[in-house]
Amino acid sequence: YATGQQLTDVENVVGQMDAEVKTNTLNVQTILAYLDSIVVGGEGSETESGHTHSNFNVLETITLSKIAEWDSKSNNDLTVNLEKYQHLVIDGDWTNAIQFAIDSGVKHLIFDEKTYFVSKRGQDESSKDYCVLINQKQNITIECRRGAKLAIDFSLDNLPNIFCIQNSSNVKLLNINGEGVKTRQSGNQSELYTGGCIRIYKSDHVVVDGGRLHNLLYGVQCFNSEFCTIQNTTFTHDYYRESWLSGAVPFSAIILYSVAHSNVLNNTIFGGLRDGDLSIFGGSTYKCTVQNNKLYGYGYNNEAKQSTYLGQGLTVDQGPACCHITDNSIYGYYFGIDLKADTYDCLVSRNIIENCKCAIADRQGEATHVKETLGHIIELNKIIMHDSWSADYKLYGTYHMMGIVCEKRQMAIIRHNHITVRNITGGAIVRTPICGIYI
């Protein structure tokens, strides 16, 4: 057995590990060899109990004690500024520094006021490229201070997602500012569900709170997860002002796919370019809440620039059930809220929908297989139609605009909605064919 003096020597060396290993100034193998000689009297020898040096029983006891001591400290002692790892930055690329900080067990990682460029580092379990991986972690917070920004270069092909959170629990991303930038005229090709800021995969209790995601193909994607919250985040793009974005059309700001018991709250989205700026789909999606969000489509500030057919604000498609879509403001889309094939028992209530070709639709959608939607309740919504929409595409029959459409659906309840038309063309009367409710 080790003597009291030997134990004291071991504790001293472990203290050196605490101070020096973290700064990469001490070779870990050298420390272990030294501890080996202290605890058992040299390589290959045995203690009285017959244990060889490979067991490191005394070292293990003291090390676990030290870890427990670290964990018992206040949260401030576990908070680390990313600048601590700036020696790992290569040619202005912070990817390795961020990954090292996360892998080292930091509980609260802070980004200061500057731009942190990141690049592709690997693929997650679903074969999607990422820059930074948070894998099998619990109780970790990543926070951007005011002025901090993470950026990926859109000049590259096969764009990665900035963050991937995988097989993790209780992860918080606070005030994350992510942006796509371009340094030369090339690239822009990307696989589906890449080129975004945050991808959540097979995780639970993940919170994305605050920040701005700009000029990215996706904002926050949440796949095969539960009890997640996306809130207080703004999604913007310069697609109509910057020519370099012509090959990188933003897709969805927020995606929930096969996600249960999750919330999308108080977000602001500027979009109108693709099918579903806020998209909820997948057969396992159940009891999700979408509330108090503001969605602005292509036509939100320019009546002449109206959304295309795929300019859909909030879509529910192919599987979700018992979702609540309430108290949202949606402006300037082709379809404001679009309930499509194979969706069930959703509540659409107290939303304000303005200047959309069709405000709320309960329909088949683009799916090639024909499946029903059942049991949706559409109530207490305020719908304001503008008479400025062009007549190039007629929705049903001769109608150019519609308040609520229920097409080949079953057991829907449509009640207590307020539907009006705003005459903004200046004419004496509204001349565009309009239908309030079409069944």
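Which residue just after helix 4 takes a positive phi? Keep that in mind as you open this predicted model and follow the stops below.

**Stop 1: helix 4**

Select residues 95-103, which make up helix 4. Colour its buried residues: Thr 95, Ala 97, Ile 98, Gln 99, Ala 101 and Ile 102. Now show what these buried residues pack against: strand 2 (108-111), strand 3 (115-117), strand 5 (129-135), strand 6 (138-144) and strand 7 (149-153). Then step just past the helix to find the residue from the opening question: Gly 105, with a positive phi of about 100 degrees.

**Stop 2**

Twelve of them form an open sheet, and its order is 4-5-8-11-14-17-20-23-26-29-32-35. The pairing in this sheet is mixed. Look for its edge strands, strand 4 (122-123) and strand 35 (434-438), each of which pairs on one side only. As background, strands of a sheet pair through backbone hydrogen bonds, either parallel or antiparallel.

For one pair to look at, select strand 26 (residues 335-339) together with strand 29 (residues 358-362). These two run in the parallel sense and are joined over four bridges. Click on Ile 337 and look across to strand 29, where its bridge partner is Ile 360.

**Stop 2: Thr 315**

Go to strand 23 (residues 312-317) and select Thr 315. Is this residue buried or exposed? Thr 315 counts as buried because its relative accessibility is 2%, and the cut-off for buried is under 20%.

Show the side chain of Ser 279 as well: a polar contact of 3.2 Å joins it to the side chain of Thr 315.

**Stop 3: a network of charges**

Select Asp 338, Lys 340 and Arg 363, which are linked in a network of salt bridges. Zoom in on Asp 338 and Arg 363, whose side chains meet in a salt bridge at 2.7 Å, N to O. This pair links distant parts of the chain: Asp 338 is in strand 26, while Arg 363 is in the loop between strand 29 and strand 30 (377-379), 25 residues apart. Asp 338 counts as buried at 0% relative accessibility, and Arg 363 is buried as well, at 5%.

**Stop 4: two further salt bridges**

Select Glu 179 and Lys 149, which form a salt bridge with their closest N and O atoms 3.0 Å apart. Glu 179 lies in strand 10 (residues 178-181) and Lys 149 in strand 7, 30 residues apart. Glu 179 is buried, with a relative accessible area of 17%, whereas Lys 149 is partly exposed at 26%.

Finish with Arg 350 and Asp 327, a salt bridge whose closest N and O atoms are 2.7 Å apart. Here you are looking at two loops: Arg 350 sits between strand 27 (347-349) and strand 28 (352-354), and Asp 327 between strand 24 (324-326) and strand 25 (329-331). Arg 350 is partly exposed at 40% relative accessible area, and Asp 327 is partly exposed at 24%.

Key: Residues are numbered from 1 along each chain as its sequence is written. This is a predicted model: local features need pLDDT of at least 70, side-chain atom pairs count only at pLDDT 80 or more; totals for chains, interfaces and linings use all residues. Side-chain values use heavy atoms; hydrogens and water are left out. Buried means under 20% relative accessible area, exposed over 50%, partly exposed in between (1.4 Å probe, protein chains only). A polar contact is a pair of N or O atoms within 3.5 Å; within protein, one must be able to donate a hydrogen and the other to accept it, and residues adjacent in sequence count only if both atoms are side-chain atoms. Contact means heavy atoms within 4.5 Å. Two strands pair if DSSP finds at least two bridges between them. A salt bridge is a side-chain nitrogen of Lys or Arg within 4 Å of a carboxyl oxygen of Asp or Glu.
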